[in-house]
Amino acid sequence: MVRVLQNKRIVLGVTGSIACYKAVELASQLTQAGAMVDVVLTAAAAQFITPLTFRSLTHRPVVTDLMDPDSEQAVEHVALATKADLLVIAPATAHTIARLALGLADDALSAVALASRAPLLVAPAMDAGMFEHPALQDNLARLQARGAHIVGPAEGRLASGLVGKGRMVEPQELLGHIRWVLGKQGDLAGRKVVVSAGGTQEPLDPVRVLTNRSSGKMGYAVAEAARDRGAQVVLVTAPTALPSPVGVQMVRVQAALEMRDSVLAACRGADALVMAAAVADYRPASFYPQKVKKGPQQWVVELTKNPDILAEAPRDLIRVGFAAETEKVVEHAQEKLVAKGLDLMVANDVTSPDSGFGTDTNRVVILDKDGGCQELPLLSKLEVADRILDRVAELLARGLPRR
Ligand code: CTP
């Protein structure tokens with residue numbers, strides 16, 4: 001479940017493009033995340049894909065132009081428009097974009113679009129030549145001027161066999177835009193949240209680094225959850241295999257020293273700092289400019305201490321730390337909370353198979369500086385992120401930190 005999508009009514013307009021198959025995936029992901037998805041198929045789309053496909057995934061009736069105009073559904077499609085929290089048209093053909101720009105209402109989808117006052121998200125899909133045409137560009141500019149969000153198209157291989165700009169963006173990316181748009185009025189709107197993620201890499205020579213097992217998943221989940229609640233998010237990330245979250249300002253770093261500079265710079269004007277990164281406590285004392293060759297039986301590497309980023313962060317923002325422990329979890333986390341003067345400390349036992357490095361779930365305890373200790377059950381990392389942000393939002397609402 002994704003909080004910002006739970007019980008949201010999303011009208012998904014699908015138009016006649018081969019990219020219809022991506023709309024199927026999108027409908028499935030939205031439904032699984034907790035949204036109520038009402039699909040409206042144009043007549044051309046119904047040539048590519050059947051209403052049954054969508055109905056099976058969304059468990060809701062699908063509106064098409066093929067249905068009996070006297071049926072209950074036919075009347076309901078205007079009600080759909082007024083109840084919708086968001087209207088997504090994906091894929092959107094050049095023809096549909098022109099209809100929307102002109103405000104035509106000659107089929108079910110364009111009638112819904114005209115009747116709706118919900119935010120509109122359009123994901124174009126067409127041949128590159130059509131996309132570049134001034135007529136299409138004018139139509140998109142008109143929609144944008146009215147506040148529509150245009151997502152894509154992406155570059156790549158097109159159905160025509162040519163390579164160019166015209167591919168509908170991937171469902172995962174569209175999902176990020178949908179969450180971003182729906183979350184704009186969330187409880188962190190107007191707030192700036194800095195998040196760090198991933199395991200820093202401390203260079204030894206041009207090909208070798210010292211690092212740790214952090215996957216970055218927890219930090220990325222916090223960044224996404226904060227974005228979903230309307231915050232302006234800066235994500236300072238060490239290298240990870242994860243895709244960049246939509247609507248989040250990315251700052252890519254490698255070593256702890258770079259992370260310190262970027263985090264401290266991002267903290268200017270911020271309301272909260274969530275340090276989910278696994279920062280290396282030590283780095284090699286010297287960097288070899290050339291690759292070190294095999295030599296003697298033993299190679300002793302001297303290490304030097306890295307600065308503590310959290311301890312250096314300004315005190316006039318909410319500061320949240322993470323403690324990855326292998327024993328005496330709460331005790332060690334409590335000591336760190338005090339030592340670093342934090343508002344909140346999120347502790348977890350990284351030896352447990354369902355929490356810690358690389359997993360999609362986490363079981364944590366949230367400690368606060370007043371001695372509070374909130375034990376959470378096993379949750380997805382996104383749900384853990386939301387629970388942490390609930391606490392951050394609560395502190396911010398109380399006007400804290402007051403130092
Ligand atoms: N942290 C930091 N800068 C460092 C090391 C850690 O800002 N140089 C942050 C981490 O991002 C995390 C918190 O401090 O939010 C706790 O990190 P941890 O490494 O567990 O704490 P340490 O104080 O380094 O303790 P330990 O001796 O267990 O390594």
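Biologist: Which residues does Arg179 touch, not counting residues up to four places away in sequence?

Modeller: Keep in mind that we're looking at a predicted model. To read a contact list, you look for residues from other parts of the chain. Here Arg179 touches Val2, Val4, Leu5, Glu224, Arg227, Asp228 and Leu382. Arg179 itself lies in helix 9, residues 171-182.

Biologist: Is Arg179 buried or exposed?

Modeller: You read that from the relative accessible area, and buried means under 20%. Arg179 comes in at 7%, so it counts as buried.

Biologist: And what about Arg208, which strand is it in?

Modeller: Arg208 is found in strand 11, residues 208-210. Its relative accessible area is 29%, so it is partly exposed. Leaving out residues up to four places away in sequence, Arg208 touches Glu202, Pro203, Lys291 and Val292.

Biologist: How do I read the pairing around strand 11, parallel or antiparallel?

Modeller: Follow the direction of each strand. Strand 10, residues 202-205, and strand 11 run antiparallel, and 3 bridges join them. Asp205 stands opposite Arg208. The two strands form a hairpin, with 2 residues between strand 10 and strand 11.

Biologist: How far apart are Arg208 and Thr42 in space?

Modeller: For this you go from C-alpha to C-alpha. Arg208 and Thr42 are 55 Å apart in space, and 166 residues apart in sequence. Now try another pair: Asp106 and Asp65 are 41 residues apart along the chain, and their C-alpha atoms are separated by 9.9 Å.

Biologist: Where does Asp106 sit?

Modeller: Asp106 has its place in the loop between helix 5 (94-102) and helix 6. Its relative accessibility is 52%, so Asp106 counts as exposed.

Biologist: How many residues of strand 4 are buried?

Modeller: Strand 4, residues 86-92, has 7 of its 7 residues buried. Next, look at its partners. Strand 1 (residues 9-14) pairs with strand 4 in the parallel sense over 4 bridges, and Ile10 has Leu86 as its bridge partner. Strand 5, residues 120-124, also runs parallel to strand 4 and is joined to it by 4 bridges. There, Val88 stands opposite Leu121.

Biologist: In what order do the 8 strands of the open sheet come?

Modeller: The order is 13-12-9-14-17-18-20-21, and the pairing is mixed. Strand 13 (249-252) and strand 21 (373-375) stand at the edges with a single partner strand each, so one side of each has no neighbour in the sheet. From one strand to the next, the twist averages 15°.

Biologist: How do strand 9 and strand 14 pair?

Modeller: Strand 9 (residues 192-197) and strand 14 (residues 272-275) pair in the parallel sense over 4 bridges. Val195 stands opposite Val274 there.

Biologist: Which strands does helix 13 lie across?

Modeller: When a helix lies across a sheet, name the strands it touches, then check the angle. Helix 13 (residues 329-340) lies across strand 17 (318-325), strand 18 (344-349) and strand 20 (364-368), and it runs at about 150° to strand 18. Helix 14, residues 381-397, lies across strand 14, strand 17, strand 18, strand 20 and strand 21, at about 150° to strand 17.

Biologist: Let's step back, how many helices and strands are there in the protein chain?

Modeller: There are 14 helices and 22 strands. Of the chain's 403 residues, 51% count as buried. The C-alpha atoms fill a box of roughly 75 × 50 × 40 Å along the principal axes. Among contacts between residues at least 6 apart in sequence, 67% join residues at least 24 apart.

Biologist: And how many positive and negative side chains does the protein chain have?

Modeller: The protein chain has 44 positive and 44 negative side chains, and the centres of the two sets lie 4 Å apart.

Technical notes:
Residues are numbered from 1 along each chain as its sequence is written. This is a predicted model: local features need pLDDT of at least 70, side-chain atom pairs count only at pLDDT 80 or more; totals for chains, interfaces and linings use all residues. Side-chain values use heavy atoms; hydrogens and water are left out. Buried means under 20% relative accessible area, exposed over 50%, partly exposed in between (1.4 Å probe, protein chains only). Contact means heavy atoms within 4.5 Å. Lys and Arg count as positive and Asp and Glu as negative; His and the chain ends are not counted. The place of a charge is taken as NZ of Lys, CZ of Arg, CG of Asp or CD of Glu. Two strands pair if DSSP finds at least two bridges between them. Axes are lines fitted to C-alpha atoms, for helices over the stretch in contact, and angles run from 0 to 180 degrees between N-to-C directions.
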